[in-house]
Amino acid sequence: MADYRSVLGLLAGGGFCSGEEIGRRLGVSRAAVWKHLQKLEELDINIESVRGRGYRLVQPLELIDPKAVFAGLSGEAATLVDHFELLESVDSTNRHALDAGLRGDGCYVCTAERQTAGRGRRGKAWISPYGRNIYLSIARRFESGIGAIEGLSLAVGVETVAALQSRGAADLALKWPNDILWRGAKVAGILLEIAGNPEGPTTVVVGIGINVSMSAALARGIDQPWADLASMPGADAGRNGLLTALLDRLLPMLVRFERDGFGPWRERWESIDAFRDALVVLKIGERAVAAGRARGVDETGAIALDTGDGLRYFNGGEISLREAR
Ligand code: BTN
């Protein structure tokens, strides 16, 4: 069925296409073409119209193609996927993955072109416009409950940075526990959610949001400095290649993590620690509970703070740079 996505498929490369040609190629009327173009504008996809040449996207984009993503996967990663789903629009891929239910021993993977209620950490919204970024959730069963996932979000951060680096991104760092920063601005975030028995078999959903080619207009809703892959010199902002790179690293990592815990990722995490040796404040909610120099993380992913009376370790909370006094 021809819908706005088919029209987008014709325009995605950035070339001009006349209304007549779109109608002919999709076998629909000019009125239907017009309706689909209107729908694209509603999705914040700006289209330029030039007399005598037709329509083109102001900013070309790459639609997600599950076949291309899957074809690029290594054999190991491919065998770990039980189900791969592309959603056109969903409230939250994490919510969807939690409700989808696992169908085997492997992973359930879903990604979406847009989220209407993307979830960030600490109850914040994750701005998720159509066709521009990565919204990815991976669900997997962990047999021994939530104790076994201590440090998992940090390991996900390390592998997400590795995937971004494999696409040419440089100057990336991690802010404990798992914010991915480019030159100090947030480019990606990670949200883990769990369902089931905290003591026994648990379903863990790993949610990753990456700003690839963020809409500056929509990004006005982001309450902190942000960056996107398209602005990084030398980085390839193709979303299909990035999805493959992410799954190639994250799927085998989840298996290894269940066996070995965070230990194997600790050194790599510390090598890209944005706040190493900086003076920081640790807050839980709005309450500052400790301040000191950040001294890396332990085998469980807890942050070590040198508070003046030795190292103290914290598993939860948020850190920020302490204002100079
Ligand atoms: C953060 O606040 O840093 C975490 C952001 C996590 C966003 C991703 S996008 C895919 C997945 N689905 C969601 O609703 N949230 C996560």
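**View 1. Elements around the largest pocket.** Helix H6 (93-100) and strands S5 (134-142), S7, S8 (185-196), S9 (202-210), S10 (279-284) and S14 (318-321) each supply at least two residues of the lining of the largest pocket. Helices (H or I, at least four residues) and strands (E, at least two) are DSSP runs, numbered from the N terminus. This is a predicted model: local features need pLDDT of at least 70, side-chain atom pairs count only at pLDDT 80 or more, and totals for chains, interfaces and linings use all residues. Residues are numbered from 1 along each chain as its sequence is written, and side-chain values use heavy atoms, with hydrogens and water left out.

**View 2. Centre of the largest pocket.** A pocket is an open set of points on a 1 Å grid over the protein atoms alone, where a 1.4 Å probe fits, with protein on both sides within 12 Å along at least five of seven lines; lining residues have an atom within 4 Å of a point. The lining comprises 43 residues; Arg 122, Lys 124, Asp 179, Lys 186 and Gln 224 lie nearest the centre. S8 gives the most, four residues.

**View 3. Lining of the second largest pocket.** The lining has 24 residues, with Ile 149, Gly 151, Ser 153, Leu 192 and Asn 315 nearest the centre. S8 provides the largest share, five residues. Helix H7 (152-166) also supplies at least two.

**View 4. The S6-S7 hairpin.** Three residues separate S6 and S7 in this hairpin. The strands pair in the antiparallel sense over four bridges; pairing requires at least two DSSP bridges. Leu 172 has Trp 182 of S7 as its bridge partner.
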